[in-house]
Amino acid sequence: MIELRDLTRHFQVGDQTVRALQDVSLTITDGDYLALMGPSGSGKSTLLHILGCLDRPTSGSYMLDGREVGSLPESDLAAVRSHKIGFVFQFFHLVPRLTAAENVELPMVLAGVRPAERRTRVTRALSAVGLTDRAAHRPDQLSGGQRQRVAIARATVMGPSILLADEPTGNLDRASGSEIIELLERMNREGLTLVVVTHDPEVGGRARHILKLVDGRIATDGRPR
Amino acid sequence: MSALDLLGFAWRALRGHRLRSSLTLLGMSIGVGAVVLLTALGEGARGYVTNEFLALGSNLLIVLPGRTETTGNAPIIGGTVRPMTLEDCEAIRRRVGRVRRLAPLSVGSARVGYGEKRREVTVLGSTPELLPVRHLEIGIGRFLPDVDLDRGAPVAVIGRTVQSELFGSENPLGQPIRIGDWRFRVVGVLAAKGQSLGLNMDDVVIVPVTSSMRLFNQPSLFRILIEVGAHAEIDQARREVLNVLKERHEGEEDVTVLTQDAVLGAFNRILGALTLALAGIAAISLSVAGIGIMNVMLVSVSERTPEVGLLKALGAPPRQILRVFLVEAVMLSAAGGLLGLLIGYLGASILSRLFPALPAHPPIWAVLGACVLSLGAGGLFGVLPARRAARLDPILALAGR
């Protein structure tokens with residue numbers, strides 16, 4: 001459960017204040033499927049970063065699962081990211097020297113999960129994205145769609161409560177793109193809260209809710225159809 | 001993140017850039033290797049000198065004219081100097097009971113000729129006891145005859161080089177040679193010995209001490225070498241020798257008596273300082289290697305900025321990022337240090353094989369110091385890049401900025 005109340009985010013650029021987000025209030029219930037849309041510079045990336053605890057709001061409140069996380073220090077935010085949030089990026093962000101399995105294992109290595117436990121969870125996560133037979137391949141031996149699947153396995157292996165996908169199909173061809181969206185939707189149906197940032201109306205149109213941002217404010221908030 | 005995971009992660013990161021990692025490693029290993037090898041060289045030089053002195057026996061007293069502070073350095077002659085004579089030698093032999101052997105020594109340089117051949121040679125004047133005191137051996141013939149000190153017989157013993165230069169394959173025994181304007185008869189040839197205490201014993205001619213003093217018109221002896229019975233008696237003997245000579249020189253202490261220990265101690269100090277200086281020079285290359293590590297880590301951090309952003313997004317707190325990069329740096333320097341030790345020890349053992357006289361063993365303080373320094377360099381020079389990584393903004397880092 002995510003609750004944003006009167007959230008603003010201002011950046012100081014030189015002597016100018018850029019208001020990236022203004023008075024954003026928003027509730028995302030568990031298991032929701034939300035598309036964040038809007039033109040470049042509308043503040044959707046900033047909102048995604050704040051939702052993902054990579055950035056902190058200038059003012060306002062961000063309650064994640066009943067806990068105020070908007071003003072936590074950096075090391076506590078890191079712990080929140082580790083346990084509650086999964087990221088999927090446009091450019092995959094796999095570590096090139098590690099195999100698919102090792103990339104999936106990475107968040108558990110950072111969190112100090114025991115090796116035996118890590119192995120079973122890696123196997124499960126890779127099979128959930130259909131890449132069991134690619135476990136020992138390095139990213140440069142995988143196709144774009146496969147790389148994004150590894151990234152999704154990595155994002156979900158810690159059992160987060162929310163999955164944040166930033167243009168997950170932006171770097172993929174149509175076929176792989178829709179495969180990725182179907183995979184994300186399947187995980188959403190299994191209970192994972194899903195927030196997708198996208199330019200693509202076709203991708204956004206599939207979400208249960210669409211949130212349109214214009215100039216840092218919520219323009220429309222509702223069902224697509 | 002467990003220690004094992006940290007090591008594994010760092011290892012894979014380093015392996016990902018083989019050339020870069022191995023060059024940095026090479027830099028560090030050269031630094032450590034230089035410390036080990038150079039200090040081994042310094043210690044080898046010290047061991048060499050020590051052995052040279054010990055070869056003469058540790059119960060040797062050296063008397064030289066003139067007062068010096070007994071630092072073992074070149075004598076600084078002060079006060080009026082009376083000649084140190086053969087009569088002084090006789091007095092010492094008579095009155096100092098602990099003297100086992102005594103050899104007066106006069107030194108000069110003269111042109112030595114046989115037939116048409118000539119050679120500029122160091123001429124030593126002494127007595128038969130020089131042979132055991134300086135641990136010399138006779139190759140062919142015999143050494144100086146045992147006759148009264150003041151009867152300078154015109155006989156000479158020549159070194160191996162002098163023999164081959166003047167006589168070639170001819171038998172030198174019984175042949176006449178000219179030393180300056182004087183004529184001597186060759187009675188023996190020294191066995192090859194080579195350099196000993198700064199004098200090439202193969203390129204000398206030894207004649208009776210009276211002859212050489214007359215030949216070079218020297219009123220005083222150059223040295224008196226005294227061998228005492230046992231090492232424990234050396235200080236007592238030294239005092240007695242001083243007393244005898246003081247008495248004979250009208251109550252003035254105008255000679256210096258050096259013990260082997262004093263000379264050796266002085267050399268040890270000098271060569272110890274040399275070793276330290278060498279270690280210092282090598283430490284500079286070690287610190288340069290440390291800067292090399294810092295450079296490589298900085299490059300690595302800026303190259304892996306998106307990876308740092310990813311690690312942060314995956315939930316790594318700043319201090320964990322710091323640890324990841326610090327472990328990489330220390331791993332590089334530790335591996336370099338180990339390789340350096342190997343290189344250093346290998347070099348030292350090759351050196352002591354090539355020059356058996358030079359006991360080139362790296363001192364333990366230098367080895368430990370090099371290890372600590374290399375690890376420290378990795379840690380110290382790794383901190384800056386690691387902190388830079390830890391402080392990266394995750395959003396900018398993910399974007400590769």
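Author: Two strands pair if DSSP finds at least two bridges between them. Strands here are DSSP runs of E with at least two residues, helices are runs of H or I with at least four, and both are numbered from the N terminus. In this predicted model, β3(A) and strand β8 (residues 193-197) of chain A pair in the parallel sense over 4 bridges.

Reader: Before we go on, how should I take the numbering and the prediction?

Author: Residues are numbered from 1 along each chain as its sequence is written, and chains are lettered from A and ligands numbered from 1 in the order in which they are written. Because the model is predicted, local features need pLDDT of at least 70 and side-chain atom pairs count only at pLDDT 80 or more, while totals for chains, interfaces and linings use all residues.

Reader: Which strand joins β3(A) through 4 bridges and runs parallel?

Author: That is strand β9 (residues 209-214) of chain A, where Lys212(A) stands opposite Met37(A).

Reader: And how many residues of β3(A) are buried?

Author: A residue is buried if 20 or more other C-beta atoms, placed from the backbone, lie within 10 Å of its own. In β3 (residues 33-37) of chain A, 4 of the 5 residues are buried, so the strand is largely enclosed by the rest of the structure.

Reader: How many residues does each chain give to the contact?

Author: Contact means C-beta atoms, placed from the backbone, within 7 Å. Chain A gives 20 residues and chain B gives 20 residues. On the side of chain A that touches chain B, α2(A) gives the most, with 6 residues.

Terms used:
Two residues are in contact if their C-beta atoms, placed from the backbone, lie within 7 Å. A residue is buried if 20 or more other C-beta atoms lie within 10 Å of its own, exposed if 12 or fewer, and partly exposed in between; C-beta atoms are placed from the backbone.
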